[in-house]
Amino acid sequence: MGVLQRLKLDGWLLVWVMLLMAGGLAVLFSASGGSGDVVLFQASRLVIGLGLMLVLAQISPRFMIRATPWAYGAVMVLLALVLVIGEEGGGARRWLDLGVRFQPSEFAKLAVPLMVACLFHGSRERPGFMKTLAVLLLIVAPALLVSRQPDLGTTVVIGCFGFIALLLAGLNRKFIYGGAAMGVLAIPALWVSLHDYQRQRILSVLNPESDPLGAGYHIIQSKIAIGSGGAFGKGFMQSSQAQFGFLPEPTTDFIFAVISEEFGFVGVVVAMLLFIAITVRMLQIAFAAQWRYSRIVAASLALGFFFSFALNAAMTTGLLPVVGLPLPLVSVAGSANVTFLAGFGILMAIRSDRRYLAR
């Protein structure tokens with residue numbers, strides 16, 4: 001038995017993840033202007049995440065099912081604490097400092113699909129109206145708490161993680177159509193509930209040049225970086241947009257633009273292939289799992305991971321509003337990266353489950 005099998009780690013998933021993280025650290029070194037401190041900070045969080053991944057890979061899915069309600073409850077308590085005693089930064093209250101500073105909203109990305117899957121474990125029936133309503137409340141509750149921080153990007157991602165899990169549980173088609181109709185009708189109320197700067201960011205997608213030094217600044221500078229990269233890019237540490245301070249948040253939300261400028265279209269394709277390879281391997285694990293709980297969890301985490309990448313790329317290229325989302329495993333985002341790696345640990349635990357191995 002090999003070392004990876006004894007440690008219950010999936011070789012292919014580990015290879016793609018390590019390649020993405022290594023490439024991300026190199027890009028981060030360039031985007032930060034050669035700052036060793038930024039790279040060291042990122043590397044230390046990735047090591048913590050890898051340790052958590054290793055621990056979670058050893059846990060049986062049966063134990064996860066029993067622990068899921070407690071984990072969901074703990075995340076809800078942490079989200080409530082953020083609104084009361086959370087630390088402010090950049091006009092938002094998103095962090096808790098309980099000896100370790102972290103962002104509880106990231107943990108909700110795991111807790112929500114786990115909770116949805118837990119509710120449908122052991123049942124082969126499609127969710128009825130009352131059960132669908134109850135599950136929706138479990139998805140909306142943490143999303144509402146996160147939206148109060150405010151954090152529109154993470155709110156959207158949490159909602160999508162939960163909705164994907166609900167779809168995988170076999171949500172009836174009439175509920176999907178009904179939910180879509182209600183969503184359209186709720187747009188005016190949602191628009192009114194947004195902060196002014198959030199509304200400006202949404203409008204700036206249609207015409208960023210209408211406010212080039214304000215709401216449209218991020219998108220304009222990001223497009224310049226992406227367009228100037230061409231087919232093969234300007235080269236490592238040659239991103240003029242990042243090096244000269246034109247590109248906002250080059251180490252976090254807009255690091256995808258740095259990849260585009262320095263490595264061009266070829267670099268973007270390589271990055272996309274890594275994200276696709278990770279997602280495909282996660283889906284393979286999901287399809288091979290026999291428990292309904294395991295299938296819902298694994299597929300939700302896989303699609304949620306790819307959705308997070310796609311949303312960041314669309315935001316950076318101006319296809320969607322700027323909502324403040326990191327590029328998974330590449331951007332400086334301690335809590336988010338630790339959470340993604342924890343999700344991979346859960347996937348590996350599902351893969352090594354005896355029911356899976358018995359196939």
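## Pockets and cavities

The lining of the largest pocket divides by class into 24 nonpolar, 10 polar and 2 charged residues (nonpolar: Ala, Val, Leu, Ile, Met, Phe, Trp, Tyr, Cys and Pro; charged: Asp, Glu, Lys and Arg; polar: the others, Gly among them). The model is predicted, with local features needing pLDDT of at least 70 and side-chain atom pairs pLDDT 80 or more, while totals for chains, interfaces and linings use all residues. Residues are numbered from 1 along each chain as its sequence is written, and side-chain values use heavy atoms, without hydrogens and water.

On a 1 Å grid over the protein atoms alone, a pocket is an open set of points with protein on both sides within 12 Å along at least five of seven lines, a cavity is a set where a 1.4 Å probe fits but cannot get out, and lining residues have an atom within 4 Å of a point. Points are joined across faces, edges and corners, and a volume is the space filled by probe spheres set on them.

| Space | Volume | Top contributor to lining |
|---|---|---|
| Largest pocket | about 1,600 Å³ | α6, 9 residues |
| Second largest pocket | about 1,100 Å³ | α15, 4 residues |
| Largest cavity | about 90 Å³ | α15, 5 residues |

Helices (H or I, at least four residues) are DSSP runs numbered from the N terminus. Val-140, Thr-155, Gly-183, Ala-186 and Leu-190 are the closest to the centre of the largest pocket, out of 36 lining residues. In the second largest pocket, Arg-94, Trp-95, Gln-103, Val-332 and Ala-333 lie nearest the centre. Its lining holds 17 nonpolar, 12 polar and 8 charged residues.

How values were computed. Helix = DSSP H or I, 4+ residues; strand = E, 2+ residues; numbered from the N terminus.
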